[in-house]
Amino acid sequence: MAELLAAAGLPAVLSYAGRTESPRAQPVPTRIGGFGGAEGLARYLKAEGIGRVIDATHPFAAQMSRNAVAACAATGTPLLALERPAWQPGPGDRWTMVPDLQAAAALLDGPRQRVFLAIGRQHLSAFAGQPQHHYLLRLVDPPGALPLPDCTLELARGPFDAAQDRALMLRHGITLIVAKNAGGAGAEAKLTAARDLSLPVILIDRPALPPRPVAATVEEALRWCHADLGV
Ligand SMILES: NC(=O)c1ccc[n+]([C@@H]2O[C@H](COP(=O)([O-])OP(=O)(O)OC[C@H]3O[C@@H](n4cnc5c(N)ncnc54)[C@H](OP(=O)(O)O)[C@@H]3O)[C@@H](O)[C@H]2O)c1
């Protein structure tokens, strides 16, 4: 999205929550950190004269999306969510869909498995009640203390490749994958690899969000920017 906006010559600022230590360089100016809730974001939109907001965050970053809806409503700023469609199971997939992290953790109540817990760093404690498993964690940055007693760390940043994810799962003797239904291409490799290896997947559904206009592609979002500008 940032590349398209820069190429189109549209002035833009990219706002990071600040969760990764060294975010990728971007072709538009960036800022990092929260605003102080929806009210803080609304103040920022006014102060900076922001004309439109594209919520391009991760589908599980629900607070960011809720704040965007509230702040845009309060300030009358047009809002568009850039949201990649959720993944759908196909032939050969062995997925169990669950509504949230707690439901995923409850399904792990059983004998020891070797679990690829591909949910990022923030919500690992939801699985602390299932310490009997070995967990493979793939994270962008080295974490601090971990709530899981038996785990292996893989430090890596997407996009990921299905052949490499297959090799990773074989190397670690993975018997089960737990993942969020993020959608998109960058993190789909683990699901392709799971299908190839006929491994079961517990897939966590996205959190519910307030209704907002949604675009599925960056091109669609760029057209919305142009239409809104009357260009
Ligand atoms: N959650 C996931 O599963 C997940 C997975 C992969 C990547 N990510 C990425 O990690 C980042 C944070 O995710 P999260 O789940 O921690 O988010 P979150 O819980 O939804 O929001 C964290 C905080 O970010 C601040 N914030 C809101 N809008 C913002 C904006 N436009 N720019 C900067 N900060 C904003 C808010 O703080 P204030 O109240 O102080 O304004 C909010 O409370 C996102 O960039 C997301 O793309 C998340």
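## Legends to close-up views of the predicted model

**View 1. Contacts of Leu222 in the predicted model.** Beyond its neighbours within four places in sequence, Leu222 is in contact with Met1, Leu4, Leu5, Ala8 and Leu10. Leu222 belongs to helix α7, which spans residues 218–229. With a relative accessibility of 14%, below the 20% limit, Leu222 counts as buried.

**View 2. The cis peptide bond at Pro159.** Gly158 and Pro159 are joined by a cis peptide bond, with omega at about 5°. Pro159 is placed in the loop that links strand β8 (151–155) to helix α5 (162–171).

**View 3. The backbone at Ser198.** Ser198 is not a glycine, yet its phi is positive, at about 55°. The residue is found in the loop between helix α6 (189–196) and strand β10 (200–204). Is Ser198 buried, partly exposed or exposed? Its relative accessibility is 40%, and Ser198 therefore counts as partly exposed, since that class lies between the limits of 20% and 50%.

View 4. The chain is divided into domain 1, made up of residues 2–84 and 208–229, and domain 2, residues 94–204. Taken over C-alpha atoms, the centres of domain 1 and domain 2 are separated by 29 Å. To the contact between them, domain 1 gives 10 residues and domain 2 gives 13 residues.

**View 5. The whole chain, for orientation.** The chain holds seven helices and 11 strands. Its radius of gyration is 19 Å, close to the 17 Å given by the globule rule for 231 residues, so the chain is as compact as a globular protein of that length. Along the principal axes, the C-alpha atoms fill a box of roughly 60 × 35 × 30 Å. Of the contacts between residues at least 6 apart in sequence, 64% join residues at least 24 apart.

**View 6. Surface and charge.** The accessible surface of the chain is about 11800 Å², and carbon and sulfur atoms account for 54% of this area. Buried residues make up 37% of the 231 residues. The side chains include 22 positive and 20 negative ones, and the centres of these two sets are 2 Å apart.

Technical notes. Residues numbered from 1 in each chain as written. Predicted model: local features only at pLDDT ≥ 70, side-chain atom pairs only at ≥ 80, totals over all residues. Heavy atoms only, no water. Helix = DSSP H or I, 4+ residues; strand = E, 2+ residues; numbered from the N terminus. Rg over C-alpha atoms; globule rule 2.2 N^0.38 Å. Buried < 20%, exposed > 50% of the residue type's maximum accessible area, 1.4 Å probe, protein only. Contact = heavy atoms within 4.5 Å. Areas by Shrake-Rupley, 256 points an atom, 1.4 Å probe, with all protein chains shown as cover. Lys, Arg positive; Asp, Glu negative; His and termini not counted. Charge placed at Lys NZ, Arg CZ, Asp CG, Glu CD. Domains from an automatic or database assignment.
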